[in-house]
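Colleague: Hi! Could you walk me through this one when you have a minute?

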Amino acid sequence: MPLSPDQQAEIDALRGQTQPTLRATVPGMEAHLYKAYPVLDHGFVRVVDYMGDDAAICQAARVSYGRGTKSVQNDEGLIRYLMRHWHSTPFEMCELKLHVKLPVFVARQWIRHRTANVNEYSARYSILDREFYIPAPEHLAAQSVVNNQGRGEALTGEEAARVLEYLKADSSRAYDHYAEMISQEDGQQGLARELARMNLPANVYTQWYWKVDLHNLLHFLRLRADAHAQYEIRVYAEEICKLVADWVPFAYKAFEDYRLGAVTMSAQMVDCLRRMIAGEEVTEENCGMSKREWREFMGVVG
């Protein structure tokens with residue numbers, strides 16, 4: 001189960017408390033506070049705390065204009081200008097703290113984003129739950145033939161069934177041995193937890209608190225909510241996108257328009273596009289790009 005009874009009781013107690021405050025609050029985000037949104041088979045994402053809103057971004061931007069400067073832009077227009085021209089500092093004025101439950105192999109991808117504060121559940125002190133990520137059959141796929149980091153076609157039939165059985169059996173056996181090694185029953189001393197944990201596979205679930213400012217969060221989402229990201233981390237990013245859209249709607253809409261839904265072109269790509277508009281026939285042979293760049297370019301312009 002995604003939440004333990006103790007965790008659910010803590011959440012219910014926290015949601016039952018209300019405090020008067022003078023700080024900026026966002027109704028959409030207040031509704032999300034402490035709620036756990038399920039991801040994958042045993043994971044979740046929940047908002048623990050947040051700071052700032054769309055207005056905080058504008059406030060930070062306008063204070064840098066200098067004394068005597070008058071702004072005629074509305075907040076949404078200013079935020080779109082900041083996003084369009086890659087002005088990152090104002091977005092750093094907002095912060096989000098999440099509680100995330102995720103498989104270890106997803107956590108190892110996630111931690112590559114080093115611009116956050118992280119505190120992870122310690123398997124040196126505590127015993128990990130018997131929970132493993134087992135992919136749904138439709139997410140069992142062969143190695144991609146065009147991308148060394150990605151998946152290709154889905155496995156089917158006996159091969160898919162065999163792989164799924166291996167994942168389940170290996171996970172169960174590894175946890176059985178883990179539990180036996182740390183056990184102090186039958187006169188055993190029990191192996192130290194910090195040693196026993198190394199026997200667990202990378203699909204076991206861990207948990208952490210992850211605090212990040214909006215600028216670095218959007219960078220994370222730009223990479224991990226992308227269609228090319230690995231499915232198992234992408235579904236977490238997509239869930240976080242929903243939270244951010246309710247937290248800073250102007251900033252998130254600008255992010256969708258200028259990051260998620262936009263493309264970056266090299267100088268060669270721009271030159272080829274101009275030549276095409278001018279009526280010139282541009283081919284892979286005369287484009288001046290590598291095969292991979294040409295394939296990416298054609299994926300954009302069709």
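Predicted model: local features only at pLDDT ≥ 70, side-chain atom pairs only at ≥ 80, totals over all residues.

Colleague: Thanks! What is the strand order in the open sheet of five strands?

Modeller: The order is β1-β2-β3-β7-β4, with antiparallel pairing. Strands pair if DSSP finds at least two bridges between them; strands are DSSP runs of E with at least two residues, helices are runs of H or I with at least four, and both are numbered from the N terminus.

Colleague: And which strands stand at the edges?

Modeller: β1 (36–39) and β4 (117–120) do, each with a single partner strand, so one side of each has no neighbour in the sheet. The twist from one strand to the next averages 20°, with axes as lines fitted to C-alpha atoms (for helices over the stretch in contact) and angles from 0 to 180 degrees between N-to-C directions.

Colleague: How many bridges join β3 to β7?

Modeller: Nine, and the two strands run antiparallel. V100 stands opposite W208 in β7. Helix α8 (residues 214–224) lies across β3 and β7, at about 130° to β7.

Colleague: Switching to aromatics: how many pairs does a search of the whole structure find?

Modeller: Ten aromatic pairs. Rings of Phe, Tyr and Trp (its six-membered ring) pair if their centres lie within 6.5 Å; planes under 30 degrees apart count as stacked, over 60 as edge-to-face and the rest as tilted. W110 and W208 have ring centres 5.9 Å apart and planes at 80°, so that pair is edge-to-face.

Colleague: Where do W110 and W208 lie?

Modeller: W110 is in helix α5 (residues 104–110) and W208 in strand β7 (residues 205–213), so the pair ties together parts 98 residues apart in sequence. Both W110 and W208 are buried, where buried means under 20% relative accessible area, exposed over 50% and partly exposed in between (1.4 Å probe, protein chains only). Ring pairs also link W110 and W208 with W210, F220 and Y236 into a cluster.

Colleague: Last one: which residues of α11 are buried?

Modeller: In helix α11 (residues 267–277), M269, C272 and R275 are buried. The exposed residues A267, R274 and I277 are on the face turned away from that buried side.

Key: Residues numbered from 1 in each chain as written. Heavy atoms only, no water. Contact = heavy atoms within 4.5 Å.
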